[in-house]
Amino acid sequence: MRLANKLAAVTAAASGMGRAGVELFLKEGAKVAAIDVNADALAQLKSDMKKLGYELTTIQADLSKTEQMKSSINDAAAALGGIDILWAHAGTPGPAGVENLDLTAYEFAMTLNVTSATLAAGEVIKHMRKRGGGSVIFTSSVSGIVGSMMSPIYSAAKFAVVGLTKSLAQAFAPDQVRVNVICPGLADTPMKLGFTGRSGVAAEAAANEAKLLAAVPMGRLCKAEDVAHAALWLGSDDASFITGVALPVDGGFTAR
Ligand SMILES: NC(=O)c1ccc[n+]([C@@H]2O[C@H](COP(=O)([O-])OP(=O)(O)OC[C@H]3O[C@@H](n4cnc5c(N)ncnc54)[C@H](O)[C@@H]3O)[C@@H](O)[C@H]2O)c1
């Protein structure tokens, strides 16, 4: 088991890639705390994991709120007995363009994508120091590597997360804390429509998805499990000399 005796916290854990990560981390031997805003989805996840034979700690928190973001990390550390791996996965597509920009929606996107990751790292570092090291994993996007015509605000936010990763990788290295970021392509999760379907018109969402898919050399969307496996590797000791990396999980989308 690749995460035997590891203590792991995952944010935005009740759906999609985060949920797949929770299940995989548990299967690989970690003790896991799942943090999410959706209490019902967390309860469902806990019960689903119980059926598989795993005890899961769940923590309900709105990660767009500073105090809840910070306390969720400390609550996870208290429940688990420390934190070795933090997958700070929360994010949101945000508004489409910059014309007539809804500043509230813009600020929310920056808060959930960038501020929550920043605060999570700031809070978890003391717990990882106590454990003699650790692995922080952020979630950016292919839009954090190349620009996105469909989602410029999101792209700006996710580029920021890559910058944060590379900077903290250097800052935290003396503490043996590695910091990496996963950059998924368009993924088949509930969030997909937030990127392709902003107009609410189904035909437009389908056309946008087809356009993005056509640019994936491997010819399929990203699966939640593809990203969970990347997180597993970055969290494990197999990646013990890997830090500061922005890892695309995109079937070749950014390999141009
Ligand atoms: N789905 C994609 O196409 C895609 C592609 C690249 C990157 N990403 C990134 O992956 C991450 C999540 O994507 P997913 O596809 O797993 O999403 P998802 O929609 O399946 O799950 C998102 C989870 O985040 C939780 N959440 C939403 N707002 C929250 C808040 N304020 N506080 C705490 N939890 C909150 C939701 O309850 C949900 O459980 C984001 O960072 C996103 O930017 C997604």
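Tutor: Start with the polar contact: a pair of N or O atoms within 3.5 Å. Within protein, one atom must be able to donate a hydrogen and the other to accept it, and residues adjacent in sequence count only if both atoms are side-chain atoms. The model is predicted, so local features need pLDDT of at least 70 and side-chain atom pairs count only at pLDDT 80 or more, while totals for chains, interfaces and linings use all residues. Residues are numbered from 1 along each chain as its sequence is written, and side-chain values use heavy atoms, with hydrogens and water left out.

Student: Which polar backbone atom lies 3.4 Å from an oxygen atom of the ligand?

Tutor: One that belongs to Met191. Side chains take part as well. An N or O atom in the side chain of Thr189 is 2.4 Å from a ligand oxygen. For the side chain of Ser15, the corresponding distance is 2.7 Å.

Student: How much of the ligand does the protein bury?

Tutor: Accessible areas here come from the Shrake-Rupley method with a 1.4 Å probe; for residues, only the protein chains shown count as cover. The ligand exposes 840 Å² when taken alone, and the protein buries 91% of that.

Student: Which elements give two or more residues to the shell around the ligand?

Tutor: Helices (H or I, at least four residues) and strands (E, at least two) are DSSP runs, numbered from the N terminus. Here the contributors are helix 1 (16–27) and helix 5 (152–172).

Student: Which residues of the shell come nearest to the ligand?

Tutor: A residue is near a molecule or strand if one of its heavy atoms lies within 4 Å of it. There are 29 residues around this ligand, and Ser15, Asp36, His89, Tyr154 and Thr189 come nearest. By class, the shell has 15 nonpolar, eleven polar and three charged residues.

Student: His89 is on that list. Which side chain makes a polar contact of 2.6 Å with the side chain of His89?

Tutor: That of Thr139. The side chain of Thr139 also has a 2.8 Å polar contact with the side chain of Trp87. Thr139 sits in strand 5 (residues 134–139).

Student: Is Thr139 buried or exposed?

Tutor: Buried means under 20% relative accessible area, exposed over 50%, partly exposed in between (1.4 Å probe, protein chains only). Thr139 is at 6%, so it counts as buried.

Student: What should I look for in phi?

Tutor: Most residues other than glycine have a negative phi. Asn5 has a positive value, near 65 degrees. Asn5 lies in the segment before strand 1 (7–11) and is exposed, at 68% relative accessible area. Gln176 also has a positive phi, about 60 degrees. Gln176 is in the loop between helix 5 and strand 6 (177–184), and it is exposed at 55%.

Student: How many helices and strands does the protein have?

Tutor: Eight helices and seven strands. The radius of gyration (taken over C-alpha atoms) is compared with the globule rule, 2.2 Å times the number of residues to the power 0.38. The protein has 17 Å, close to the 18 Å that the rule gives for 256 residues, so it is as compact as a globular protein of that length. Its C-alpha atoms fill a box of roughly 50 × 40 × 35 Å along the principal axes.

Note on methods:
Nonpolar A, V, L, I, M, F, W, Y, C, P; charged D, E, K, R; others polar.
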